[in-house]
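Dear colleague,

Please find below the structure that I am handing over to you. My notes on it follow.

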Amino acid sequence: MGIMPRNTGGGGAIVVSVDMLSERAAMMREAVQKSQSITDNMVSILGSFDHRLSALETAMRPTQIRTHAIRKAHENIDRTLKAADVILSQFDLSRQAEAKILKGPHEDLESYLEAIEQLRNNIRFFNNNKSFKSSDGVLNNANNLLAKAISKLEKEFKQLLSSYSKPVEPERLFECLPNSMRPSSGSPGDQDSNSKNHLSSSHGEHNNGTDNTVYTPPTLIPPRVLPLLHDLSQQMVQAGHQQQLVKIYRDTRSPVLEESLRKLGVEKLSKDDVQKMQWEVLEFKIGNWIHFMRIAVKLLFAAERKVCDQMFEGFEQLKDQCFADVTTGSVAVLLSFGDAIAKSKRSPEKLFVLLDMYEIMRELHSEIELLFRGKSCNEIRESAFGLSKRLAQTAQETFRDFEEAVEKDATKTAVSDGTVHPLTSYVINYVKFLFDYQSTLKQLFQEFENGDSNSQLAAVTMRIMQALQTNLDGKSKQYKDPALTNLFLMNNIHYMVRSVRRSEAKDLLGDDWVQRHRRVVQQHANQYKRIAWAKILQCLSIQGLTSSGGGNSMGVDGQNSSGVSRALVKERLKTFNIQFEDLHQRQSQWTVPDTELRESLRLAVAEVLLPAYRSFIKRFGPMVENGKNPQKYIRYSAEDLERMLGEFFEGKTLNEPKR
C-alpha cells in the first residue's frame with residue numbers, strides 16, 4: 001500500500017486515520033476468526049463433557065438411590081425416636097400420677113386432683129395412638145387406676161362432707177332471726193310466749209313489716225371447705241359418677257337437716273294425731289308450726305340452697321336435684337302437719353289459725369318459688385302451693401260454716417238478766433279479729449273469685465251481723481216478760497253498734513248501717529219503757545179518780561170537792577207501791593252493762609215517773625195524810641224513787657239485801 005503525500009490543507013490527517021481504521025478492522029477480523037475457532041473448539045469440548053457427565057450420572061444413579069434411602073431411613077428413625085420419647089414421657093407421667101393416686105387424696109388433695117387430670121390426659125393420648133402395640137394394655141391399666149382414683153375421691157368427698165355436716169342448734173338459728181322474733185330463752189316448743197295468742201299476735205308479726213326484717217341464714221359448711229368439695233364433686237361428675245355423688249350428698253345432708261328441725265321442735269304428726277288433740281294443745285302446736293315454717297324456709301332451706309349452689313357450681317341440674325333430694329323429707333314433715341289441719345274437722349275457732357297458716361304460706365310464697373326452682377323441685381314447690389290453696393279453701397268453708405252456725409246457734413245459755421249474750425260478744429270479737437286479717441282475707445277471696453275484695457269482705461261481715469240479729473230475735477222470744485225481751489235486744493244490738501263504731505268495721509259497713517242500728521236500739525228502749533212502765537203510770541193518772549170538776553176541800557164521805565174518793569186514792573197508792581216494789585226487785589236483777597246506756601235509760605224512766613208521782617202526791621196526798629197510817633200508802637218520796645231507780649239494771653242477785 002503506497003503512502004500518499006501529506007496535504008498541507010489537512011488531507012494527510014484523514015489518510016492516516018483511514019489507515020489506522022483499516023488496521024484495526026483487520027485485527028478485529030483476525031480476532032473474530034480466532035474467537036470462532038475457540039468457540040467451535042469449546043462447543044466440541046462441552047459436547048464431549050456433556051457426554052461424559054451423562055455417562056457419569058448413569059454410573060452414579062444407584063449410589064444416589066441408596067443415599068436417598070439412607071436419608072429417609074434416618075428421618076424415620078428420628079421420627080420414631082421422637083414418638084418413642086413422647087410415649088416414654090407419657091409412661092413417666094403415668095407413673096408419677098399413679099404414685100400420687102396410690103398415696104390417696106387425704107394429705108394433698110390438690111396434687112391428687114392434678115394426678116387424676118394427668119391420668120385423663122394419658123388416656124386421651126393412648127386413645128388417639130391406638131397404633132401403638134401396647135396401647136390397649138396401657139389404656140386398661142390407666143382406666144382401672146382412674147376408677148380407683150375416683151373411688152377414693154368418693155370416699156374423701158363423703159368423709160369431708162360428713163365431718164362438716166352437723167345439725168344446727170336452735171339457739172344458733174334464733175341468733176339468725178330478726179331481734180323482734182328471737183325468744184328470750186329456749187325454743188318455741190318450750191314456752192308459751194313463743195307460740196303466742198294466734199288470735200291477736202301471731203299474724204301481727206307478719207303485718208308488722210316482714211318486708212323490712214332481715215334474716216341471716218346460718219353457715220352450714222365453712223367457706224374454706226366448700227371449694228374442696230366443689231373440686232371433688234366436679235371430678236366425680238366428669239368421671240360419670242353423678243348419681244353416686246347425689247346419693248352421698250342426700251344420705252349425708254338430709255338426716256342432718258331433719259335433725260336440725262327435730263331439735264327445733266318439729267314433730268311428725270298425722271291427721272289422726274291432730275284429730276285427737278285438745279284444742280288448746282293444737283292451737284299451741286299451730287303457733288309453733290308457723291315459727292318453724294319461717295325458720296325452715298328463711299334460714300335452713302336458704303342455707304342449704306347456698307351450699308348446693310356453691311358446691312355444684314357449673315352444674316345447674318345437679319344443684320336442683322341435690323337440693324330437692326336433701327329437703328324432700330323435711331318439707332314433707334312440715335307440710336303434712338299443715339295438711340292435717342286443713343283436712344281436720346272444721347270449727348269456728350279454727351278460722352283464725354287457718355288464716356295464720358295461710359298467711360305464713362303467702363309470706364313464704366316467693367322464697368319457696370326461688371329456693372325450689374328447677375324441674376327437680378317441681379313436686380316440692382307444687383306441694384307447698386297446694387297447701388296454701390287447701391288452707392284458703394278450708395278457711396273459706398269455715399267462714400261459711402260460721403255464718404250458718406251463728407244464724408242457727410241454739411245454745412240454751414240463759415241470760416236471765418237480759419244482758420249481752422255470750423254469742424253476741426263471741427261473734428263481735430270474731431268479726432274484730434277478722435279485721436286484723438283484712439289483707440289476708442282479701443287475698444283469700446281473690447283465690448276463688450274475682451271482683452272488689454273490699455266489697456266482698458263488707459258483704460260477708462254484713463251477712464254475719466244479720467245472722468246474729470236473726471238468732472238474737474229468736475233468743476229474745478224465750479223471755480216471758482216482753483219488757484225484758486226488748487231490754488235484751490236493746491243491750492245486744494247496742495253492743496254490736498258500739499263495737500262496730502270503735503273498730504275498722506265501721507269503714508266497711510258504713511255510717512248508714514250504724515245509724516240504722518242505733519235507731520233499732522232506741523226503738524227497743526222505747527218499747528221497754530212503754531211495756532214496763534205503762535201499767536204503773538196508770539196508777540198515777542187522774543183518769544178514773546174524778547167524776548166532776550171542783551176544789552180540793554174534803555167532804556164528810558171521804559171525798560174531796562172534786563168527787564175523788566179517799567179509798568180510791570189509797571187503792572191507787574197501794575197498787576203503785578206493790579208494782580214499783582215488784583219492778584224494783586225484778587229489774588234490779590236485770591242488767592244494762594253499758595254505763596252510758598244504763599244511765600240514759602234510768603233517766604228516761606225518771607223523766608216520766610217522777611213528775612207523775614210528784615203531781616199525784618201533791619194533788620191527792622193530803623187526802624191520805626189526814627187519815628190513819630198515811631205512811632202505809634205514801635211509802636216513798638220522789639227522792640226515794642229516784643234513789644231506787646238508780647239500783648235498776650245493776651244485775652243484783654235475789655238474796656242481795658236492799659240498800
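**Findings**

Of the 659 residues in the protein chain, 44% are buried, meaning under 20% relative accessible area with a 1.4 Å probe and protein chains only, where exposed is over 50% and partly exposed lies in between. This is a predicted model, in which local features need pLDDT of at least 70, side-chain atom pairs count only at pLDDT 80 or more, and totals for chains, interfaces and linings use all residues. Residues are numbered from 1 along each chain as its sequence is written, and side-chain values use heavy atoms, with hydrogens and water left out.

The protein chain has 23 helices and 0 strands; these are DSSP runs numbered from the N terminus, with helices being H or I of at least four residues and strands E of at least two.

There are 22 aromatic pairs in the structure. Rings of Phe, Tyr and Trp (its six-membered ring) pair if their centres lie within 6.5 Å; planes under 30 degrees apart are stacked, over 60 edge-to-face, and the rest tilted. One of the pairs, Y249 with F312, is edge-to-face, at 5.2 Å centre to centre and 75 degrees between the planes. It links helix α8 (residues 242-264), which holds Y249, to the loop between α10 (279-311) and α11 (316-343), which holds F312, 63 residues apart. Y249 and F312 are both buried.

The ring centres of F402 and Y426 are 6.2 Å apart and their planes stand at 65 degrees, so this pair is edge-to-face. F402 lies in helix α14 (residues 378-408) and Y426 in helix α15 (residues 422-436). F402 is buried, at 2% relative accessible area, whereas Y426 is partly exposed, at 37%.

Yours sincerely
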